[in-house]
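Please read this briefing with the model open beside you, and look up each residue as you meet it.

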Amino acid sequence: MLPTIDWQDDVVIMVDQRKLPSQELYVRCRTPPEVAKAIRTMVIRGAPAIGVAAAMGIALGVKRSKAKGTPQLAVELQKICTLMAATRPTAVNLFWAIDRMKKAFAEGAQSGESPEEIGERLEAEARRIHDEDVANCRAMGQHGATIVPDGARVLTHCNAGALATAGYGSALGVLRAAVEHGKRIAVFADETRPFLQGARLTAWELVREGIETTVITESMAGPLMRDREIDLAIVGADRIAANGDVANKIGTYTVAVLAREHDIPFYVAAPVSTIDISTPDGAHIPIEERDQREVSHFGASRVTPEGARIRNPAFDVTPHRYITGIITERGICHPPYLESLRRLVQQPLSPVRTG
Ligand code: MRU
């Protein structure tokens, strides 16, 4: 399994996703600001992985705190949570993880635990969030593998793989599971400008596992679909609104519209923690606008002329009408999503096996 993020001796270790695939370097974070910076600068990225990193950052801060008592620790916790919440606005898993950590803190405080005991409790909760995410991805894979035909040529956008989660992946987890079930597949990885998650990260993950992979520029998806070279599209999600609208990496909307035009099934794979029932539809999802330099430059070299305006929204929203199904660890939702997602989220939780 790929080492996306780990906790060792009160240090959070992440593979630096800005450097892959040419260098496999690890970033070691000892404080919440270091974790927040790693999230903001995309050392670690992908909605579920961002949630895990934030949870570990919060646990780090509480464990390393010099607070004399629980009330002082609670003030520090709030500051750390505010810091984490300001890193990336679209991935709802971030806010979901922060809420879980706050809840764990409140439980410890209510039970009269000491700051040290609360620190241990928060470390355990962060590790649980990590392990649950891997288990959820594997469960998603089992459900999702059923919709991947043997011999399928599959288009994916961005990286919804082991690197974007605590391990195994959501969209790529479905493809991994299909391969584990003996299906032969070939994957087209959209390059995914400007950060190149597809060209660098998805291709790296799949090639390492011997899965046939072809990297294409975004603009090739249309002609390939027209020429019947793609049978299925599957992507991850950063936030799924109550009506099934999905925010994901910029360019996802284009893939979905193209898939509809060419009668190709378009699936989204995401854990239940990505479903945000409190957001009614895609128009209410905050879209992160990132640094213009990501578009104006290729590495250190400027590629656009001085004076040209730049837009760099990191995500777009795919309206639910383009989505064939939403694959989760609890099963696959189909339209009408307003009902199927609500039912899924309200399902009583069965214990997740993380071993
Ligand atoms: O900007 P990123 O790289 O964090 O965007 C990631 C995506 O859009 C992924 O598709 C999404 O987070 C799902 S990851 C399982």
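Predicted model: local features only at pLDDT ≥ 70, side-chain atom pairs only at ≥ 80, totals over all residues.

Residues are numbered from 1 along each chain as its sequence is written, and side-chain values use heavy atoms, with hydrogens and water left out.

**Overall build**

- The protein has 11 helices and 16 strands, where helices (H or I, at least four residues) and strands (E, at least two) are DSSP runs numbered from the N terminus.
- Its radius of gyration is 20 Å, close to the 20 Å that the globule rule gives for 355 residues, so the protein is as compact as a globular protein of that length; the radius is taken over C-alpha atoms, and the rule is 2.2 Å times the number of residues to the power 0.38.
- Along the principal axes, the C-alpha trace spans about 65 × 55 × 40 Å.
- Of the contacts with a separation of 6 or more, 74% are between residues 24 or more positions apart, a contact meaning heavy atoms within 4.5 Å.

**Surface and burial**

- Buried residues make up 57% of the 355 residues; buried means under 20% relative accessible area, exposed means over 50%, and partly exposed lies in between (1.4 Å probe, protein chains only).
- The accessible surface comes to about 15,100 Å², of which 52% belongs to carbon and sulfur atoms; such areas come from the Shrake-Rupley method with a 1.4 Å probe, and for residues only the protein chains shown count as cover.

**Nonpolar cores**

- In soluble globular proteins, nonpolar side chains tend to be buried together.
- The largest nonpolar core has 42 residues, and those with the most contacts inside it are Met14, Ile58, Met84 and Leu122; a nonpolar core is a set of buried Ala, Val, Leu, Ile, Met, Phe, Trp, Tyr and Cys residues joined through side-chain atoms within 4.5 Å.
- Helix 2 (47-64) is among the elements that each supply at least two residues of this core, and the largest share, 12 residues, comes from helix 2.
- Leaving aside its neighbours within four places in sequence, Ile58 is in contact with Leu77, Ile80, Cys81, Met84, Ile98, Met101 and Leu122.
- A second, separate core of 28 residues includes Ala233, Ala256, Ala259 and Cys333.

**Backbone features**

- Most residues other than glycine have a negative phi, and most peptide bonds are trans.
- The peptide bond from Leu20 to Pro21 is cis, with omega near 0°, and Pro21 lies in the loop between strand 2 and strand 3 (26-29).
- Another cis peptide bond joins Arg193 and Pro194, with omega about 0°, and Pro194 is placed in the loop between strand 5 (186-190) and helix 7 (197-208).
- Asp10, although not a glycine, has a positive phi of about 60°; it sits in the loop between strand 1 and strand 2 and counts as partly exposed at 24% relative accessibility.
- Arg228 is not a glycine either, yet has a positive phi of about 60°; its place is the loop between helix 8 (221-226) and strand 7 (232-235).

**Two glutamates**

- Glu306, in the loop between strand 13 (301-302) and strand 14 (315-318), is exposed, with a relative accessible area of 64%.
- Glu76, in helix 3, is partly exposed, with a relative accessible area of 26%.
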